[in-house]
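Here is a short note for someone opening this structure for the first time. Please keep the view open and follow the points in turn.

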Amino acid sequence: MEKVFEVKNLQFTYRKNQIKAVNGISFDVYKGEVFGLLGPSGAGKSTTQKILTKLFKDYQGEILYLGKDLKTYNNDYYEDLGVGFELPVHFSKLTGLENMKFFSQLYKNHRDIETLLKAVGLYEDRNRMVSDYSKGMKMRLNFVRAMLNDPKILFLDEVTNGLDPKNARIIKDLIRQFKEAGGTVFLSTHLMNDVEELCDRVAFIRGGEIVEIATPRELKIRFGKRELKVEYFNNGTTSEALFELDGIGENKAFLELINTYEVETMHSGETSLDDIFIKVTGEVGNV
Ligand SMILES: Nc1ncnc2c1ncn2[C@@H]1O[C@H](COP(=O)(O)OP(=O)(O)OP(=O)(O)O)[C@@H](O)[C@H]1O
Ligand SMILES: [Mg+2]
């Protein structure tokens, strides 16, 4: 698989701070994947994203973009990127459409602005000043702004944060479409829902260090309990029994139960990504 980024022993300290916000992280991002950087507040997600998008240049360690040192790229690098910041920054005295036109002319490549605004349900409001937009509208504008230059890589920082389920779905569908068209996505979030639905691989970051990199499926298998819970009808009430998943085919008690009673539900002991987040980072997600 082609590597878009190779990050080796990356370190970064904010000038006014003593401790490293990013403390020696290493990971690769492959072409065409949605790579999630997950972690609690203050873990170093946004800092990492700002380094990868060349906003912070005085880092230690090495970053290769398409096999070449990131430091050797000039501003042409931005032609390849779409960046959705954590806190949307728009010109509030301009309309949504004017904002899009302004940012579009900074690039060589252009997507059709009207199509983009329609995709996130902002076309009707295109001529309203952004200061009159709701938070969700600003977030949606933020997202399509990142798509303006038809990027190869999307950097998205908490991009569905604060969106209602319908608008979050619109954004997630657009991210999926982007990926299906061959795009690569670097997503930082603390929303496990996004990870579950979007990410091919996730890295957990805590205190500036990566504590785990895996696919969501691998994590679920690794942290899940190998158990099967059976709910069954017994004398007019629902009873519950728990079995080890290993050797279930020869488990006499299990076989007798399913032959004797009417089974209502069966569930393997999958651990939710929320639980995994807490186990891996030692903190509560979705906060
Ligand atoms: N501009 C800054 N100046 C000084 N320290 C900063 C600055 N921005 C972030 N930090 C510190 O760097 C560390 C990592 O912050 P960062 O913003 O990368 O976290 P995050 O994982 O994105 O958190 P959140 O989920 O809250 O967005 C924190 O300890 C934070 O206090
Ligand atoms: Mg952040």
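1. First, a term for the ligand shell. Ala, Val, Leu, Ile, Met, Phe, Trp, Tyr, Cys and Pro count as nonpolar, Asp, Glu, Lys and Arg as charged, and the others, Gly among them, as polar. By that scheme, the shell around ligand 1 holds three nonpolar, eight polar and three charged residues. Keep in mind that this is a predicted model.

2. Which residues come nearest to ligand 1? They are A21, S41, K45, S46 and T47, out of the 14 residues around the ligand.

3. Look at the partners of β3. Strand β8 (residues 184-189) pairs with β3 in the parallel sense, over five bridges. Strand β9 (residues 201-206) also runs parallel to β3, and four bridges join the two. G36 is a handy place to check both pairings. Its bridge partner in β8 is L187. Its bridge partner in β9 is V202.

4. Now the nonpolar core. In soluble globular proteins, nonpolar side chains tend to be buried together. The largest nonpolar core in this model has 63 residues. L38, V185, F186, L187 and I205 have the most contacts inside it. Which helix gives the most to this core? Helix α5 (residues 135-147) does, with seven residues.

5. L38 is then in contact with T189, H190, V195, V202, A203, F204, I205 and F277.

6. Finally, a separate feature: an open sheet of three strands. Its order is β12-β11-β13, and the pairing is antiparallel. The edge strands are β12 (237-244) and β13 (262-268), each pairing on one side only. From one strand to the next, the twist averages 20 degrees. β11 (residues 227-234) and β12 are joined by eight bridges, in the antiparallel sense. One pair to find is N234 with its bridge partner T237 in β12.

Note on methods
Residues are numbered from 1 along each chain as its sequence is written. Chains are lettered from A and ligands numbered from 1 in the order in which they are written. This is a predicted model: local features need pLDDT of at least 70, side-chain atom pairs count only at pLDDT 80 or more; totals for chains, interfaces and linings use all residues. Two strands pair if DSSP finds at least two bridges between them. Axes are lines fitted to C-alpha atoms, for helices over the stretch in contact, and angles run from 0 to 180 degrees between N-to-C directions. A residue is near a molecule or strand if its C-beta atom, placed from the backbone, lies within 6 Å of it. A nonpolar core is a set of buried Ala, Val, Leu, Ile, Met, Phe, Trp, Tyr and Cys residues joined through C-beta atoms within 7 Å. A residue is buried if 20 or more other C-beta atoms lie within 10 Å of its own, exposed if 12 or fewer, and partly exposed in between; C-beta atoms are placed from the backbone. Two residues are in contact if their C-beta atoms, placed from the backbone, lie within 7 Å. Lists of a residue's contacts leave out its neighbours within four places in sequence.
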